[in-house]
Amino acid sequence: MITMQKYKIVSILSHTSKTVVYQALRQSDQLPVILKTLTSDYPSTADIAQLKHEYNLTWNLDLSSVVRTYALDEFQGKPILVLEDFGGKDLIYWLQEGSLSIAQVLWIGQCLAQTLGQIHEHHII
């Protein structure tokens, strides 16, 4: 696990061939944050550009159903997207806890549809 001066890594939430997502604490104020960065020690310019593009799309997006973007930081020459940690769990977690009821599935679908509509209103998708 990496060690950073600005953030204390708590856990790894996701690790793919291109990105790693950490749960962390911002050292300056102990604010829980999510850090998303590139896996490769030598990421391609396209991968760097994609993460920067994600930041540019979301940094001023003010929707209650979308995780807030706090900053685009850098560590060891790689960009780090700093996101809000609202304490949620991913869908895989809930599915491993047991099956979802029809009402829960419909509620999730409704929330996703509303959020996609709001994002579309901001010309992102």
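Mentor: What follows covers a proline and its surroundings, then the aromatic rings. The model is predicted, with local features requiring pLDDT of at least 70 and side-chain atom pairs pLDDT 80 or more, while totals for chains, interfaces and linings use all residues. Residues are numbered from 1 along each chain as its sequence is written, and side-chain values use heavy atoms, without hydrogens and water.

Trainee: Where is P43 found?
Mentor: P43 is in the loop between strand 3 (31–38) and helix 1 (45–58); strands (E, at least two residues) and helices (H or I, at least four) are DSSP runs, numbered from the N terminus.

Trainee: Is P43 buried or exposed?
Mentor: P43 is buried, because its relative accessibility is 16%. Buried means under 20% relative accessible area, exposed over 50%, and partly exposed in between, with a 1.4 Å probe and protein chains only.

Trainee: And which residues does P43 touch?
Mentor: Leaving aside residues up to four places away in sequence, P43 touches L38, I48 and K78; contact means heavy atoms within 4.5 Å.

Trainee: Changing topic, how many aromatic pairs does the whole structure hold?
Mentor: The search finds one aromatic pair. Y93 and W94 form it edge-to-face, 4.9 Å centre to centre with 85 degrees between the planes. Rings of Phe, Tyr and Trp (its six-membered ring) pair with centres within 6.5 Å; planes under 30 degrees apart are stacked, over 60 edge-to-face, and the rest tilted.

Trainee: Why does W94 count as partly exposed?
Mentor: Because its relative accessibility is 43%. Y93 is also partly exposed, at 30%.

Trainee: What lies over the face of Y93?
Mentor: K89 does, at 5.2 Å from the ring centre. The criterion is NZ of Lys or CZ of Arg within 6 Å of the ring centre and within 35 degrees of the ring normal.
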